[in-house]
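Hi everyone, thanks for coming. Let's take a friendly walk through one structure together, and please keep the picture in view while I talk.

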Amino acid sequence: MHEPYMFEEMFAVMAQLGPVMMFWFMVLPALVAVLLLAILYRLLRTREGATPAHDDEARMIQEMYRAMGRMEERVEALETLLLDPDGTAGRGRSGERAAPRGPGRE
């Protein structure tokens with residue numbers, strides 16, 4: 001059975017500890033909430049700022065991959081020209097040395 005005087009004693013103690021109780025149950029949780037919101041805001045802002053950089057890196061890697069594919073095709077073409085199957089490396093069909101090709105020469 002509850003004694004009615006028990007609550008009166010508790011309220012008397014709380015009245016003496018009023019400012020301390022107000023700090024622990026009102027001010028401190030408010031400070032923690034503000035701190036958590038500030039941290040969350042900073043994390044979200046950083047994540048949004050990092051996304052374009054990540055996209056730029058992915059695009060650059062894709063371009064490098066495509067360039068390597070083109071370079072591989074060029075190397076294969078050079079190997080084919082230099083290592084003719086009939087043994088005439090660098091020569092045309094008539095046995096003449098092939099003219100150098102460059103811009104404007106065909």
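**A walk along the surface**

Buried or exposed, or something in between? V20 has a relative accessibility of 44%, so it counts as partly exposed, because that class covers values between 20% and 50%. You can find V20 in helix α2. Before going on, please remember that this is a predicted model.

Now let's step back to the whole chain. How many helices and strands does the protein chain have? The count is 2 helices and 0 strands. The chain has 106 residues, and 0% of them count as buried. Its accessible surface comes to about 10600 Å², and carbon and sulfur atoms account for 66% of that surface.

Together with V13, L17, F23, W24, F25, M26, V27 and L31, V20 makes a nonpolar surface patch of about 900 Å². Which helix gives the most to this patch? That is helix α2, spanning residues 18–82, with 7 residues.

Next, let's look at charge. A negative surface patch is formed by four glutamates: E72, E73, E76 and E79. Take E73 as our example from this group. E73 sits in helix α2, and its relative accessibility is 55%, so E73 counts as exposed. The cut-off for that word is over 50%.

My last stop is a pair of charges. Side chains of opposite charge can pair when their charged atoms come close. How many salt bridges does a search of the whole structure find? The search finds 1. The partners are D56 and R59, and their closest N and O atoms are 3.0 Å apart.

How values were computed. Residues are numbered from 1 along each chain as its sequence is written. This is a predicted model: local features need pLDDT of at least 70, side-chain atom pairs count only at pLDDT 80 or more; totals for chains, interfaces and linings use all residues. Side-chain values use heavy atoms; hydrogens and water are left out. Patches are made of residues with over 30% relative accessible area and no salt bridge: like charges are joined within 9 Å, nonpolar side chains (Val, Leu, Ile, Met, Phe, Trp, Tyr) within 5 Å. Accessible areas come from the Shrake-Rupley method with a 1.4 Å probe; for residues, only the protein chains shown count as cover. A salt bridge is a side-chain nitrogen of Lys or Arg within 4 Å of a carboxyl oxygen of Asp or Glu. Helices (H or I, at least four residues) and strands (E, at least two) are DSSP runs, numbered from the N terminus. Buried means under 20% relative accessible area, exposed over 50%, partly exposed in between (1.4 Å probe, protein chains only). Lys and Arg count as positive and Asp and Glu as negative; His and the chain ends are not counted. The place of a charge is taken as NZ of Lys, CZ of Arg, CG of Asp or CD of Glu.
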